[in-house]
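Let's take a friendly walk through a protein model. Have a look at the picture before reading on.

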Amino acid sequence: MSRVRSKDTRPELLVRRRLWAAGYRYRLHYKFAKGRPDIVFIGVKIAVFIDGDFWHGNAWRVREKASLADLFPTNTDWWVAKLERNMERDREVSAGLEQDGWTVIRVWESEILSDLDAVIDRITTLVDRLRAPTS
C-alpha cells in the first residue's frame with residue numbers, strides 16, 4: 001500500500017493538463033482546505049477530488065460485483081472495513097468543506113478514463129458559473 005500514489009496519478013494528470021490547456025488556473029493539493037483537494041480554484045472556492053475506484057470504494061461497481069465484499073475473497077472483513085472508513089472520511093471531508101463555503105466536486109478515476117470531456121465540462125461549467133458576475 002505504501003507504493004500507491006496519492007498525488008500525480010494518471011487520471012489526475014489528464015484532468016490537470018486539460019484544464020491548464022483550456023486556460024484554467026488552479027492550485028494543487030491546497031493545504032488550507034480540508035482534505036487537501038487534488039485541484040482547487042481558490043477564487044470561487046471549488047475543491048476537486050479525483051478518487052481512485054479501488055481505494056474510495058467504487059471498484060465493485062466498475063467490476064460489476066454484487067457488493068464491496070465480493071472484491072475480496074480473503075481477509076474480507078479487514079478490507080471492507082478499510083474501504084468503508086475511506087468512504088466515510090470522504091463524506092466527512094466533503095461536508096466540512098461545504099460547511100466552510102466550498103463547492104466540492106468528486107470525480108471517479110473510471111469517469112475520467114471513460115469520458116474525460118464530460119468531466120472537464122462539468123468542472124469548467126461550474127467554475128465559469130461561479131466566476132460570472134452577479135447582477
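Here is a short tour of a helix and some aromatic rings in this predicted model.

## Helix H3

Helix H3 covers residues 76-99, which makes 24 residues. From its first C-alpha to its last it reaches 34 Å, close to the 34 Å expected at 1.5 Å a residue. Just after H3, Gly101 takes a positive phi of about 95°.

Which parts of the structure do the buried residues of H3 pack against? They pack against strand S3 (46-51) and strand S4 (103-108). The buried residues of H3 include Trp79, Leu83, Met87 and Leu97. In an α-helix, residues three or four places apart point the same way, because there are 3.6 residues a turn.

## Aromatic pairs

A search of the whole structure finds ten aromatic pairs. One of them joins Tyr30 and Phe32: the ring centres are 5.5 Å apart and the planes are at 70°, so the pair is edge-to-face. Phe32 is exposed, with a relative accessible area of 62%.

Phe54 and Phe72 also form an edge-to-face pair, at 5.8 Å centre to centre and 70° between the planes. Phe54 lies in the loop between S3 and helix H2 (59-62), and Phe72 in the loop between H2 and H3, so the pair ties together parts that are 18 residues apart in sequence. Buried or exposed, where does Phe72 fall? Phe72 is buried, with a relative accessible area of 8%, while Phe54 is partly exposed at 22%. Together with Trp55, Trp78 and Trp79, Phe54 and Phe72 form one aromatic cluster.

## Charges over rings

The charged end of Arg25 sits over the ring of Trp20, 3.7 Å from its centre. Arg106 lies over the face of Phe49, at 4.1 Å from the ring centre.

Terms used: Residues numbered from 1 in each chain as written. Predicted model: local features only at pLDDT ≥ 70, side-chain atom pairs only at ≥ 80, totals over all residues. Heavy atoms only, no water. Helix = DSSP H or I, 4+ residues; strand = E, 2+ residues; numbered from the N terminus. Expected span 1.5 Å × (residues − 1). Buried < 20%, exposed > 50% of the residue type's maximum accessible area, 1.4 Å probe, protein only. Contact = heavy atoms within 4.5 Å. Phe/Tyr/Trp six-rings, centres within 6.5 Å; stacked < 30°, edge-to-face > 60°. Lys NZ or Arg CZ within 6 Å of the ring centre and 35° of its normal.
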